[in-house]
Amino acid sequence: MLSFKDLKIFEKDDFPKYLPKLNDLYDELFSSGKGFRSKLILMISKHLSLKSEEVRLLAQTIEFIHNASLLHDDLIDRSHLRRNKPAAWLKYSPEYAVLAGDYLLARVMVNLSRFGNLRLIQYTAEMISDLLEGEWIQDSLVQDWNVNLEQLDQVHDLKTASLFKWCLRAPFIAEENYDDSLHEVLGQMGGLLGTLFQRGDDLLDFDIRNKEGKAILGDLKSGYLNSFGAYLSREFSEREVESLTKSESLEDVYSVMGGKEKFQKSVTEFDQMNDQAIALYEHLNASLSEVLKPSESELMAELKPLAHLLYYRS
Amino acid sequence: MKVDQVYKTLLKSDENFLPTLLGHFSREKVALPVESFGVGTDRERTTFLIVPLEEIERPSWVKIYFKAIRPELLGLTLGQAAVALISLKPLLQANGIFIQEFDPTFIVSSLACLCAIFFTHAAACLLNDFHDHVEGLDRRSTSQGSRVIQKGWSKAYEIQRWAYVNAALAVGIGIYLLWGHWLLFLGLGALTALSILFYSNMTPFWNRLGAGDFWITLLFGPLLFFSIWVSVYSPENPIKLSRLLLLDGVLLSLCFGLLASWTFQVRQFQGIFKRQPGSFRTIVSRLNFDQARKFLALEGGLFFALQSICFYFIWGDLLSSLFLFGAGLSLWGILKQIFGLASPLSSAMLSLKGRALKAHGWFLIVWAVVL
């Protein structure tokens, strides 16, 4: 069975040698990611009867899609840094960044066609559509400071959670297990993972559990009220919302909130709300026992801690 | 999550499914639906969060009742009924019947009529909440319906009971109002019930053709207006009165029926992003975001202009017609908001329903003034 250590998402031979810049760009892009999504694919696939090559293609597929979205996303957001390095559009050119992203998506279709499984191709195409739809809608929400958490969750369900759902469901589809009940539960679990991952990520913006050293108030400064921002401002007056959006530092945010203690209290309440979502995820995970084959049941133990891990980042 | 809260997933075929869904599975606990799969199929499975009743922050029953009966929609029923009552005297005058003052019986009948409309409105809202909870429409959405069942403020079976009590009150007042005119009573009751039933059970195919809009227009327009007119003024000879008011009455009531239909469409447009099969009961179901907003703008402008044209046609009063037309300019703000939406998830989408209902209410007041 393929292990994460053996898994190479990107190898120089995968792409034409006469495009050295493209290879360099990918080399940098793939060398620094955590590869969480491909790890998830491996975690699930080892309990199924997929061949190593099929698992590799699935893992590569999800990383290609994720990284294509990052290449395009950085250009759309004019982000200067990606994983603490200059973003590809800055280092190479915007044109190269767009083409490199498109090329990855084309490779996804080549990869998947090797399975000869139309359902897998269709589902992947739908997931990419969701992802792009989410990106598009998210862009339309820039400078929209009255957006609420429920609306943002819907955007994140398209943009972030669609990939997590794919990671959980695609290995089963590749194995030609199309059981509706199984896919509904996995889809819901993937949705929760995506939402929790995004909410945890949005907390980093406010320097909560920010071990990754993410830039503080980056979303807010680029005109985007993220999920925690929407949660904080849910009962704000127009004036308070305006003050929040003009915050330059965390001190400014604390002052809008009426002090650091009140801010911390909101973090605790936000955590409690998400603990409920984590509990729901764990409940759904337990219910997998009814739909998984006996040989696959060990998967539940591996999936169980993921929601907590993605939200609390520990 | 508190330790005494627990998730529970049940299949539709489980014997505990219906008692849990309706709420009589326990006196001390409440089951909040959090996720439903395969709704409307035999393999439906729902996950409930089981919470001790004392952990639910429930407002007083009066607040729950007034939340459940959707007071924001009272303008469409009670408000339009009031306009129907106010318009009766000028409408009769426009058709050659001059009345100095209505007698006290008319005043009592009018009040009784408004009470009957209120309880019918309440019963319909409560039954709708119960029906959509059981059918799964409100369980799959996080904003549809009054949410009193989904928040655990009231159990589904209690809402059903309240609906029956309100329906009984409406029928009781109807009997008092039309005592001795049984044929009329049965006819109006049957027409109202049929319209509500048709609206609630229309298949997506028919809704895509505009059948839902047709029933709303009929129910909130001609049916509501003519029912009120004949009930309070001429229950002994409804056909004669209907014939007398036919053209003017149909025109006037259609104006309000179409306006109600437009308000419903704006409400549904607000939820266009997460539309689910079965939850859309107007023609908006066949349109995408951009088509829907163009359609709503065109229709809104047309319906509001129609009001002043109709007023001029019936009463020939140019000044009041122009006043009514001027009031229609309040619509401009809504149309601007609709066209300024960057996406179906823009925050401005959230206030559309409220603004449409406000515009509708504002029009009712202007009508009351000009009449």
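The contact takes 27 residues from chain A and 23 residues from chain B. This is a predicted model, so everything I say is computed from it. Between them, the two chains bury about 2100 Å², and 54% of that is on carbon and sulfur atoms. On the chain B side, the residues that lose the most area to chain A are B:Tyr7, B:Arg45 and B:Leu345, which together make up 29% of what that side buries.

Now the polar part of the contact. Ten residue pairs are in polar contact between chain B and chain A, counting pairs with both residues at pLDDT 80 or more. On chain B, the strands β1 (6-11), β2 (29-37) and β3 (45-52) each supply at least two residues of the side that touches chain A. By type, the residues of that side divide into nine nonpolar, nine polar and five charged.

How many salt bridges are there between chain B and chain A? The count is three. Two that I can show you involve B:Arg43. With A:Asp180, the closest N and O atoms are 3.9 Å apart. That pair runs from helix α8 of chain A, where A:Asp180 sits, to the loop between β2 and β3 of chain B, where B:Arg43 sits. The cut-off for a salt bridge is 4 Å, so the A:Asp180 pair at 3.9 Å is counted. B:Arg43 also meets the side chain of A:Glu184 in a salt bridge, at 3.0 Å from N to O. This pair crosses between chains as well, with A:Glu184 in helix α8 of chain A. As for accessibility, B:Arg43 is partly exposed at 32%, and A:Asp180 is partly exposed at 45%.

Over all chains, the structure holds 21 salt bridges. One of them, within chain A, joins A:Arg313 and A:Asp201, with the closest N and O atoms 3.8 Å apart. The partners are 112 residues apart, A:Arg313 in the segment after α15 and A:Asp201 in helix α8. Are these two buried or exposed? A:Arg313 has a relative accessible area of 17% and A:Asp201 one of 18%; buried means under 20%, so both count as buried. Elsewhere in chain A, A:Glu53, A:Arg56 and A:Arg114 are linked in a network of salt bridges.

Next, helix α2 of chain A, residues 36-45. Nine of its ten residues are buried, so the helix is largely enclosed by the rest of the structure. The buried set includes A:Phe36, A:Leu40, A:Ile41, A:Leu42, A:Met43 and A:Ile44, and also A:Arg37. What covers the buried residues? Among the elements of chain A that do so are α3 (52-77), α7 (149-174), α8 (180-204), α14 (299-303) and α15 (306-312).

Leaving aside neighbours within four places in sequence, A:Leu40 is in contact with A:Phe164, A:Cys167, A:Leu168, A:Leu303 and A:Leu306.

That brings us to the nonpolar cores. The largest has 195 residues, and A:Leu40 is one of those with the most contacts inside it, along with A:Tyr26, A:Phe263, A:Leu288, A:Leu303, B:Trp229 and B:Phe269. Helix α7 of chain A gives the largest share of this core, 13 residues. There is also a second, separate core of 13 residues, which includes B:Met202, B:Leu219, B:Leu223 and B:Ala260.

Technical notes:
Residues numbered from 1 in each chain as written. Chains lettered and ligands numbered in written order. Predicted model: local features only at pLDDT ≥ 70, side-chain atom pairs only at ≥ 80, totals over all residues. Heavy atoms only, no water. Buried < 20%, exposed > 50% of the residue type's maximum accessible area, 1.4 Å probe, protein only. Helix = DSSP H or I, 4+ residues; strand = E, 2+ residues; numbered from the N terminus. Contact = heavy atoms within 4.5 Å. Buried area = accessible area lost by both parts, 1.4 Å probe. Polar contact = N/O pair within 3.5 Å; in protein donor to acceptor, adjacent residues only side chain to side chain. Nonpolar A, V, L, I, M, F, W, Y, C, P; charged D, E, K, R; others polar. Core = buried A, V, L, I, M, F, W, Y, C linked by side-chain atoms within 4.5 Å.
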